[in-house]
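Trainee: I would like to go through this structure with you, one question at a time. Where shall we begin?

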Amino acid sequence: MTAITTNEPEALNFECETGNYHTFCPISCVAWLYQKIEDSFFLVIGTKTCGYFLQNAMGVMIFAEPRYAMAELEEGDISAQLNDYDELKRLCLQIKRDRNPSVIVWIGTCTTEIIKMDLEGLAPKLEAEIGIPIVTARANGLDYAFTQGEDTVLAAMAAKCPDKAPVVEAQKQERNAISQLLNFGKKKEEVAADESEYVKHTPLVLFGSLPDPVVTQLTLELKKQGIKVSGWLPSKRYTELPVLEEGYYVSGMNPFLSRTASTLMRRRKCKLIGAPFPIGPDGTRAWIEKICSVLGIEPKGLDEREAQIWAGLEDYLQIIRGKSVFFMGDNLLEISLARFLIRCGMTCPEIGIPYMDKRYQAAELALLEKTCQEMGVPTPRIVEKPDNYNQLQRIYEQNIDLVITGMAHANPLEARGINTKWSVEFTFAQIHGFGNARDILELVTRPLRRNNSLKDLGWGDLVKKEAKV
């Protein structure tokens, strides 16, 4: 019989392996959130192990006195012999006296989950007593992977956002941080002219913790299309949380914010714009186009903008074009990064990811599939909660050029002659928007450039020889 060939595109293949999270603890979200929300204080409630982790994970990042602390549970707490409320009250009063923050964020850990501490029940009573808002977030490693800690915090904060725009002029000024940032140094006439550039549309709020320069870049990219960003969650200050009225549009910046998206839709009755994430020129363009289409705006100038960015990346593209990349799974940015690198000319046999929400990432998955078709490469195998031992076998079999992995596996892989890059670096780097595509490729190509330089010394051959032995 004659085989019938079809030109139908290959569908994405999803699998699930061990069910374990081989990732950083999600309480590490404190590292970037306490810096982003400038008037906050984070209180992590857990054991000494949690304290040691925070000390090691963030010790290298502290250049000023931090706004977080560890409430260490002792044997008496765990055996329920002590009064949780009294102890938390004492700590929060001390925080209020020493720091006077606008909000205290309680981060629940594995231990609080196991011993069933009722943090959500204690918070409202204590909040009323000490006069400071308390946001309770579960960021335990039993239920959440690395970056999902931010997701639980933002979901809890979404419930605290005001549901009506302020009436008093002083409150309006206080909540207008984005406008003040964009209009800094401008005269009133110039500000009024800028306001006239916007198209009238339903308010749009963006959610996801990004560095201030990236917030400004993305806000200005949307402004070029006549779209006004009404607020960001989180904002620089807790007192500037965005207004969330029923029917407002919201759009997520990162793939790991599915719980926040659900909270905004179900509890705040907002409408989610399901767009690809603005990572890489292709993702940023698709993100802007989707927002424009939902708001009924015709996008303009995106062809030239994207082409200009790609032209500026050619020196990096020459290094990675035709090479293969393998994601072991760590920070939930894997799908977006793989899609961008495939567009850059790489192949990607497998994408490991700790947790996959197909509904929240539907647009990103569709763009990944479309990108593979246009670039003429096979679609990657997507493995949720991958088994690292099995992955190592597949990396050897497929002779992968670059593995993006958690820090635990980087050195063993390098010792066997395999190029690696820490996935955690993409978490902390500025990777969103048109202007930051170069930063992604700088990270991706660094191990390839370094090891190419070492080849002249015979280092690569020596390592591979020792690995075989």
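Mentor: With two helices, α13 and α16, which are roughly perpendicular to each other. Before that, note that this is a predicted model, in which local features need pLDDT of at least 70, side-chain atom pairs count only at pLDDT 80 or more, and totals for chains, interfaces and linings use all residues. Residues are numbered from 1 along each chain as its sequence is written, and side-chain values use heavy atoms, with hydrogens and water left out.

Trainee: At what angle do the axes of α13 and α16 cross?

Mentor: Axes are lines fitted to C-alpha atoms, for helices over the stretch in contact, and angles run from 0 to 180 degrees between N-to-C directions. Angles of 65 to 115 degrees count as roughly perpendicular, under 35 as roughly parallel, over 145 as roughly antiparallel, and the rest as oblique. The axes of α13 and α16 (residues 334-343) come within 7 Å, and their crossing angle is roughly 115 degrees.

Trainee: Which residues of α16 make the contact with α13?

Mentor: Contact means heavy atoms within 4.5 Å. From α13 come Gly280, Pro281, Asp282 and Gly283, and from α16 come Arg339, Phe340 and Arg343.

Trainee: How many residues in the contact of α13 with α16 are charged?

Mentor: Asp, Glu, Lys and Arg count as charged; Ala, Val, Leu, Ile, Met, Phe, Trp, Tyr, Cys and Pro as nonpolar; the others, Gly among them, as polar. The contact has 2 nonpolar and 2 polar residues, and the number of charged ones is 3.

Trainee: Why is α11 called oblique to α13?

Mentor: Helix α11 (residues 212-224) and helix α13 (residues 280-295) have axes 11 Å apart and pack at an angle of about 50 degrees. That angle makes the relation of α11 to α13 oblique.

Trainee: How many residues of the contact of α11 with α13 are nonpolar?

Mentor: Leu218, Glu221 and Leu222 of α11 meet Trp287, Ile288 and Ile291 of α13. There are no polar residues and 1 charged residue in this contact, and the nonpolar count is 5.

Trainee: How many residues of α7 are buried?

Mentor: Buried means under 20% relative accessible area, exposed over 50%, and partly exposed in between (1.4 Å probe, protein chains only). What covers the buried residues of α7 includes α1, β2 and β4. Helix α7 (residues 148-158) is mostly covered, with a buried count of 11 of its 11 residues.

Trainee: What share of the protein chain counts as buried?

Mentor: The chain has 22 helices and 14 strands. Of its 469 residues, the buried share is 51%.

Terms used: Helix = DSSP H or I, 4+ residues; strand = E, 2+ residues; numbered from the N terminus.
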